[in-house]
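The sequence and model are shown first.

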Amino acid sequence: MDSAAISLVRSLDPEEYGFTLVFLIVAALTVFYCFIREWKRWHLIKDMPTARLRSAHQGYIELEGKGRSVADQPVFAPLSNHECLWYHSRIERKETILEQKRSRVEWKILYQHTSSNSFLLDDGTGTCLVNPEGAEITSNEKLVWHGNTEWPTRTRVLDNDSAIVAMTKRYRYSEQLILPGQRLYILGHLQTRAPGTEQSARDIARDLLSDWKQDRQQLLERFDTNRDGEIDQAEWEVARAAALSQAQALHGQLLQEPEIHHVFRPKDDRRPFIISTHPQTELIRQYRRNALIALAAFLGITGCAIWLSQVYG
């Protein structure tokens, strides 16, 4: 080890030594946590079989397919006005900060928003509704452009701005997008719901009676047969029978509707919810690389901490 480094360590006072050692220990624990996190994702994606919606089991699942908009519910990114399935938008303002006769540039976030609108995934055997709230989302579609107004006046951006343009503008606008038709990889919780099993006919009848009670005048006109301004027990039984008959008809219609697959964030926080436009093979390489980098950083920082304690001691 370099003698200058050893001399520097031995010249530290106890407070400086303690601070440096604690800093190294915290850094080592942080990168070790990152290693465990990335290692688990690497092996989870590598070992998880890709399911098909036609025969998919309920619960934690891996899916691949094309993203589609929900019918009659298009989503538009608020800054670029591009039609998309999901977006993360941000507006930043350039600020120059003077420190000890030197200036540095910082970008202060003024606005950011992430879409929570659901979209469809079509894997060729069926479709499911994807709720992106709480997901770790990665996209290869990112727009960055600049302007001199807090809110962009230039929309429908097709290309990112050049570095020269960026230097002359005060505001920076950026959006990450998932576009209709892009292939998606999704790791999340699948639950299939049949509209006819969500509520029984009696539940629907109870809701109908509750609605009818809100309009007392109409209730009297329909069921107050003796016109005394009150609904007696016999008249109420007639109303209940009418509600049940109507509810059974509605429930029969619901039974004819197809099942709906929903994918959302698992309740178990130890299981990641991932949505990505990158293919599965690329995600495996990415998480493997991140895990190995974090492991190398952990071993390096741990080695520094051990060396520091030996030299100072």
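Glu 136 forms a salt bridge (a side-chain nitrogen of Lys or Arg within 4 Å of a carboxyl oxygen of Asp or Glu) with Arg 41, and the closest N and O atoms are 2.6 Å apart. The pair links distant parts of the chain, with Glu 136 in strand β8 (residues 136-138) and Arg 41 in helix α2, 95 residues apart. Helices (H or I, at least four residues) and strands (E, at least two) are DSSP runs, numbered from the N terminus. The model is a predicted one, in which local features need pLDDT of at least 70 and side-chain atom pairs count only at pLDDT 80 or more, while totals for chains, interfaces and linings use all residues. Residues are numbered from 1 along each chain as its sequence is written, and side-chain values use heavy atoms, with hydrogens and water left out.

Burial is assigned from relative accessible area: buried means under 20%, exposed over 50%, and partly exposed in between (1.4 Å probe, protein chains only). Arg 41 counts as buried because its relative accessibility is 11%, whereas Glu 136 is partly exposed at 27%.

The structure holds 10 salt bridges. Three of them are set out below.

| Pair | Closest N and O atoms |
|---|---|
| Glu 136 and Arg 41 | 2.6 Å |
| Lys 46 and Asp 47 | 3.3 Å |
| Glu 106 and Arg 104 | 2.3 Å |

In the pair of Glu 106 and Arg 104, Glu 106 is partly exposed at 34% relative accessibility, and Arg 104 is partly exposed at 33%. Salt bridges that share partners also join Arg 37, Glu 38, Arg 41 and Glu 136 into one network.

On a 1 Å grid over the protein atoms alone, a pocket is an open set of points where a 1.4 Å probe fits, with protein on both sides within 12 Å along at least five of seven lines; lining residues have an atom within 4 Å of a point. Grid points are joined across faces, edges and corners, and a volume is the space filled by probe spheres set on the points. The largest pocket holds about 310 Å³ of space. Its lining comprises 14 residues, of which Arg 41, Asp 269, Arg 270, Arg 271 and Pro 272 lie nearest the centre. Helix α2 (residues 14-47) gives the most to this lining, with six residues. By class, the lining has five nonpolar, one polar and eight charged residues; here Ala, Val, Leu, Ile, Met, Phe, Trp, Tyr, Cys and Pro count as nonpolar, Asp, Glu, Lys and Arg as charged, and the others, Gly among them, as polar.

The second largest pocket has a volume of about 160 Å³. Arg 202, Ala 205, Arg 206, Leu 209, Arg 240, Ala 243 and Leu 244 form the lining of this pocket. Two or more of these residues come from each of α5 (201-214) and α7 (233-256), and α5 supplies the largest share, four residues. The lining of the second largest pocket has four nonpolar, no polar and three charged residues.

The strands form a further topic. Strand β6 (residues 119-122) and β7 pair in the antiparallel sense over four bridges, where pairing requires that DSSP finds at least two bridges between two strands. Val 130 in β7 is the bridge partner of Phe 119. β6 and β7 form a hairpin with four residues between them, and Gly 124 in the turn has a positive phi of about 95°. β7 and β12 run parallel and are joined by three bridges; Cys 128 stands opposite His 261 in β12.

In a regular strand the side chains alternate between the two faces of the sheet.

His 262 is found in strand β12 (residues 260-264) and counts as buried because its relative accessible area is 17%. Leaving aside neighbours within four places in sequence, His 262 is in contact (heavy atoms within 4.5 Å) with Leu 129, His 189, Leu 190, Gln 191 and Arg 193.
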